[in-house]
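Please have a look at the model first.

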Amino acid sequence: MTNDKKRKDLFEQWVESGDVENNLAIIQSLSMQGKSMEEIASVFDITRRTLQKLQKEHPALKKAIETGRLSVVAMCQNKLMERVSSGDTTAIIYALKVYGGDFFNDRKAIEAKITGTPVSVQAPVQIYLPEKDSEVSGQNGKK
């Protein structure tokens, strides 16, 4: 069988029919909604494995999926930073662990630069909590 008679895959059929841009937009939208590869594939009546094979062969398809996923990540990062900016202690701790590197990760030991030996280092972080307000002390019968 020559390359001319090779059966066209689904993506090539979309190109030929003029549906490629619309279908890529649908795929990106589904990816942005957090749909799994299996769920995206089912919309086009194909298997997850076929979708994975198509994205390996067609960079535009892979990019549509990745772009959708990255927009979700960006949205989550923005929300996290909003919470950090508002002083949410839990969000601050999480952001430090994720973005602060090994120094703020309590699960990793920092290696000494000279010896390469793992050492335990306590990060110099101070967290200021608000003092008890009058309402809280008022509930205990004190003013």
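The second largest pocket is lined by Lys6, Arg7, Lys8, Asp9, Leu10, Glu12, Thr50, Lys53, Leu54, Glu57 and His58. The elements that give two or more residues to this lining are H1 and helix H4 (48-57), and H4 gives the most, with 4 residues; helices here are DSSP runs of H or I of at least four residues, numbered from the N terminus. A pocket is an open set of points on a 1 Å grid over the protein atoms alone, where a 1.4 Å probe fits, with protein on both sides within 12 Å along at least five of seven lines, and lining residues have an atom within 4 Å of a point.

This is a predicted model, in which local features need pLDDT of at least 70 and side-chain atom pairs count only at pLDDT 80 or more, while totals for chains, interfaces and linings use all residues. Residues are numbered from 1 along each chain as its sequence is written, and side-chain values use heavy atoms, with hydrogens and water left out.

By class, the lining has 2 nonpolar, 2 polar and 7 charged residues, where charged stands for Asp, Glu, Lys and Arg, nonpolar for Ala, Val, Leu, Ile, Met, Phe, Trp, Tyr, Cys and Pro, and polar for the others, Gly among them.

Now to aspartate 9, which lies in the segment before helix H1 (10-17). Is aspartate 9 buried or exposed? Aspartate 9 counts as buried because its relative accessible area is 17%, the cut-off being under 20% with a 1.4 Å probe and protein chains only. Its side chain joins that of histidine 58 in a polar contact of 2.7 Å.

Notes
Buried < 20%, exposed > 50% of the residue type's maximum accessible area, 1.4 Å probe, protein only. Polar contact = N/O pair within 3.5 Å; in protein donor to acceptor, adjacent residues only side chain to side chain.
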